[in-house]
Amino acid sequence: MSTNTSIAGSGTVSNAASNASGTILLGRILLSVIFVLSGFGKLTAIAGTAGYFGSMGLPMPTVTAIAVGLLELLGGLAILIGFQTRITAWVLAIFTVATGLVAHTGWADQMQMISFMKNLAIAGGFLVLASSGAGAYSVDAKRG
């Protein structure tokens with residue numbers, strides 16, 4: 001039984017490679033959703049986000065809210081379409097761990113511990129994506 005399928009003009013493409021690219025695309029979609037929605041939410045409610053950031057003691061809360069909102073929105077969109085995926089995945093992995101360390105360290109509260117662990121899991125997903133790349137269904141693949 002062959003694991004290869006013929007594609008006109010391009011030789012053969014492994015079914016396993018095609019399946020992996022589809023799985024990577026699904027992973028990119030799932031990883032990006034929280035960042036796109038969260039970034040959009042922050043940017044459309046700057047005053048509220050800045051107030052929350054200020055209450056956490058973050059410096060320059062309005063500037064921080066805009067920077068975080070843009071990072072989440074643009075980074076999420078880049079992951080979604082597979083643009084500069086390896087670099088973006090590293091940036092978002094570091095950002096996600098840092099966010100967990102800033103906002104979710106009240107580990108005596110079970111919900112804070114769960115939120116922190118969720119951030120670590122998301123960062124793990126980004127590290128896998130940084131290692132694997134965006135797959136065939138991406139802007140990166142079309143550019144390369």
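Let's begin on the outside, where L26, I29, L30, V33, L37, I66, L70, L74, L77, L80, I81 and F83 form a nonpolar patch with about 1,000 Å² of accessible area together. Areas come from the Shrake-Rupley method with a 1.4 Å probe.

This is a predicted model, in which local features need pLDDT of at least 70 and side-chain atom pairs count only at pLDDT 80 or more, while totals for chains, interfaces and linings use all residues. Residues are numbered from 1 along each chain, and side-chain values use heavy atoms, without hydrogens and water.

Which helix gives the most to the patch? That is α3, with six residues; L74 sits in this helix. Both α1 (15-43) and α3 (61-81) supply at least two residues each. Helices are DSSP runs of H or I, at least four residues long, numbered from the N terminus.

Now step inside. The largest nonpolar core has 17 residues, and F35, I79, A89, L92, F126 and L129 touch the most other members. Such a core is a set of buried Ala, Val, Leu, Ile, Met, Phe, Trp, Tyr and Cys residues joined through side-chain atoms within 4.5 Å, buried meaning under 20% relative accessible area. Two or more core residues come from each of α1, α2 (46-55), α3, α4 (85-103) and α5 (110-132), with α5 giving the largest share, five residues.

Notes
Patch = residues over 30% accessible without salt bridge, like charges linked within 9 Å, V, L, I, M, F, W, Y side chains within 5 Å. Salt bridge = Lys/Arg side-chain N within 4 Å of Asp/Glu carboxyl O. Buried < 20%, exposed > 50% of the residue type's maximum accessible area, 1.4 Å probe, protein only.
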